[in-house]
Each structure stands twice: as structure tokens, then as C-alpha cells.
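Please read the following report with the model open beside it, and look up each named part as it comes up.

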Amino acid sequence: MENQELLEMEKNACKVRLYTIEGVFNAKSGHPGGSLSAADIITYLYFREMKVDVANPKAADRDRFVLSKGHCCPALYGALALKGYFSGEEIKSLRHIGAMLQGHPDMKGTPGVDMSSGSLGQGVSAACGMALAAKYDGSDYRVYAMLGDGECEEGQVWEAAMFASHYKLDNLCVIVDFNGLQIDGHVNEVAGLEPLDKKFEGFGFEVLTIDGHNFDEIEAALNKAKTVKGKPTVIIAKTIKGKGVSFMENQVGWHGKAPNADEYKIAIDELTAQLRALEA
Ligand SMILES: Cc1ncc(C[n+]2csc(CCOP(=O)(O)OP(=O)(O)O)c2C)c(N)n1
Ligand SMILES: [Mg+2]
């Protein structure tokens, strides 16, 4: 990526993180940790990777994104707002009764959301259906599904993985946000996944492991995935839960908790300083 493009991507990711904190603070609930770990990848998907049409969110030939770890929708909403699907003001009513942006993605209520999610484990199955439909329709759209590492403890993920490789869904790219933490603590203490790469390999996937906060690595992996034929790809993205807000980083306690007013101010100040530094 050219330096200028990289800078723009970093600024957008920072804005997505600001939206995340803004939303969760105003909701007084929600999931900042996994939203912040996913922010770079989601930003890259919407700002460089995916073929989407903001004016026509349901365009038949658009690429699809399934946020299987639906609790991390503050980051998705941030990216969609930044992209122009709806006003950034909507973020402030996150999780409010009757608001457009609910605590888990709703494909019927929010423009740009391709799949409702929140019950962990289901997103790869939904993405498989979309990818298979593209094959039947002779359409060249691609399907991206992001899941959490804790979510990989769900059996349905592996049922869907078998399906994806059986049907040679090379238009499907699964991305695991491997931040090492889930709701109850460290993934490797709750129910270890390792060796996750070998597991996906065994299920017939092309496996790529990257630093999920490095845009060059994100780009290289997504580009490589497009060249893989006859099998699906999984990108195992090593990330930091809470990335970008110092006191949230790697802290299981920030999985599903809103900052209080003091914490909110520190988080916004930190992210604003990061944005200013990028703008300088
Ligand atoms: C089927 C199901 N069981 C339990 C939950 C409650 N839950 C919400 S988030 C979460 C932990 C997810 O951890 P991980 O997939 O690692 O997400 P991240 O670290 O990215 O937030 C759990 C158990 C749920 N949403 N769905
Ligand atoms: Mg996790």
C-alpha cells in the first residue's frame, strides 16, 4: 500500500475506534474489547477490499460481510457510518429502544448489514449459503465472515468449515479475530484451540496467519485469498483485544462493559491524539 493510502486507512480505523467508544459509552453497555481488536480488519474490508455500493446496499453482485461475532457491531457500525450508509450521529443511540443500531447486527433494520448475527457460531454457516448461492448464480461476489477465537469453540463453526471445503467455496474467506480472550478469560484456558491453523488445514482450508493490526499483512492475505482456487481460505489474524485504548488492551474485563465518564474521556483523548498524530 502506498504511504498516503496507508495513512488514510489508519485514520479511518482510528475513527472507527472513536465511534466504538462513543457508541458503547452512550449505550452504557456493549462490547468494546472485541470491537477494537477487529477495527483494523473491518476498516480495510470496507475501505479497500469489498465491492459494495453505498447507494444500493442490497446490490445483488456486492461482496458480503458476515460479522459472526455480532457483539462487536460497534466497529461494524463505525465503518458503515464512515462509509456513508447512515449518519455518524446514529452511533450515539446505539442499543437504545427503537434505534436503528441495536446491540447485535440486524440485516432488516440497518443499511449495509448483510447478515443478522449475535448467537455465536452461526456466521460461517450463513456465509457458506451466500458463497454457494454465488456459485449457483454464476456471480463473482465474494463472502467474508469474521469470527472470534472464543467463537471457534462452537461446534457449528466446524460443521460449516466441512461444508465450505466440500463445496469448494473458494469465494469464501473466513477471518478469525484471534485476540486470545473470550468472555470468561483466556481462550487457551477456557477451551484451547491450538493448533488452530492445523485444524483449519485438516478441514480443507488454505490457512494464512497474520498480524491483524498490520494493513500490509491484511492486504497481502486478502489478495492471496483471491488467488486460491477450489477451497476456502481462513485468515487467522493475531490481534490485541481493546487495541488502541491503553487501559482496555488485553484486559478480559473490557469484553462487555461500557466505560464510565472518566474512562470515556481518557479513551476519547487517547484515540483523538492518535488521530491528530496521523493528521499532522
Ligand atoms: C451461542 C452464544 N453463546 C454465548 C454468547 C455470549 N457471548 C457473547 S461474546 C462471547 C465471547 C466471545 O469471545 P470471542 O469469540 O473470542 O469474541 P471477542 O474476543 O472477539 O469479543 C460470549 C460467550 C453468545 N453471544 N452466543
Ligand atoms: Mg476473542
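The protein donors of the magnesium ion (ligand 2) are an OD atom of Asp149, OD1 of Asn179 and the O atom of Leu181, and they lie 2.1 to 2.2 Å from the ion. This description, like everything that follows, refers to a predicted model. Written along the sequence, the spacing of these donor residues is D-x29-N-x1-L. Asp149 sits in the loop between strand S2 (143-148) and H5, whereas Leu181 belongs to strand S4 (residues 181-182), and the pair, 32 residues apart, links distant parts of the chain. Are these two residues buried or exposed? Asp149 has a relative accessible area of 1% and is therefore buried, and Leu181, with a relative accessible area of 4%, is buried as well; the cut-off that matters here is 20%, since a residue under that value counts as buried.

**Salt bridges**

The structure holds 14 salt bridges, and the table sets out three of them.

| Side chains | Distance, N to O |
|---|---|
| Arg48 and Glu219 | 2.5 Å |
| Arg62 and Asp114 | 2.9 Å |
| Lys92 and Glu89 | 3.6 Å |

The side chains of Arg48 and Glu219 meet in a salt bridge at 2.5 Å. Because Arg48 lies in helix H2 and Glu219 in helix H8 (residues 215-227), this pair ties together parts that are 171 residues apart in sequence. Arg48 is partly exposed, with a relative accessible area of 35%, while Glu219, with a value of 12%, is buried. The two residues also belong to a network of salt bridges that links them with Glu5.

For Arg62 and Asp114, the side chains meet at 2.9 Å, N to O.

The side chains of Lys92 and Glu89 meet at 3.6 Å, N to O. Lys92 counts as partly exposed, at 39% relative accessibility, and Glu89 is exposed, with a relative accessible area of 54%.

At Ala39, H2 bends by about 50 degrees. How many of the residues of H2 are buried? The helix is mostly covered, with 16 of its 18 residues buried.

Helix H1 (residues 3-27) has 25 residues, and its reach of 36 Å from first C-alpha to last is close to the 36 Å expected at 1.5 Å a residue. Just after H1, Lys28 takes a positive phi of about 60 degrees.

**Backbone details**

Most residues other than glycine have a negative phi, and most peptide bonds are trans. Lys168, placed in the loop between H5 and strand S3 (172-178), has a positive phi near 50 degrees. Asn250, in the loop between S7 and helix H9 (261-279), likewise has a positive phi, near 60 degrees, and this residue is partly exposed, with a relative accessible area of 45%.

What kind of peptide bond joins Glu194 and Pro195? The bond is cis, with an omega of about 0 degrees, and Pro195 is found in the loop between helix H6 (187-191) and helix H7 (196-202).

**A surface patch and two pairs of residues**

Tyr136, Phe163 and Tyr167 make a nonpolar surface patch of about 350 Å². Of these residues, Phe163 lies in helix H5 (residues 155-166) and is partly exposed, with a relative accessible area of 33%.

Ile235 is found in strand S7 (residues 233-238) and is buried, with a relative accessible area of 2%. The C-alpha atoms of Ile235 and Leu222 are separated by 8.1 Å, and the two residues are 13 residues apart along the chain. Met100 lies in the loop between H3 and H4 and counts as partly exposed, at 26% relative accessibility. From C-alpha to C-alpha, Met100 and Thr110 are 6.1 Å apart in space, and they are 10 residues apart in sequence.

Technical notes
Residues numbered from 1 in each chain as written. Chains lettered and ligands numbered in written order. Predicted model: local features only at pLDDT ≥ 70, side-chain atom pairs only at ≥ 80, totals over all residues. Heavy atoms only, no water. Bend = angle between axes of the 7 residues up to and from the residue. Helix = DSSP H or I, 4+ residues; strand = E, 2+ residues; numbered from the N terminus. Buried < 20%, exposed > 50% of the residue type's maximum accessible area, 1.4 Å probe, protein only. Patch = residues over 30% accessible without salt bridge, like charges linked within 9 Å, V, L, I, M, F, W, Y side chains within 5 Å. Areas by Shrake-Rupley, 256 points an atom, 1.4 Å probe, with all protein chains shown as cover. Salt bridge = Lys/Arg side-chain N within 4 Å of Asp/Glu carboxyl O. Donors = N, O, S within 2.8 Å, 3.2 Å for Na, K, Ca; no water. Expected span 1.5 Å × (residues − 1).
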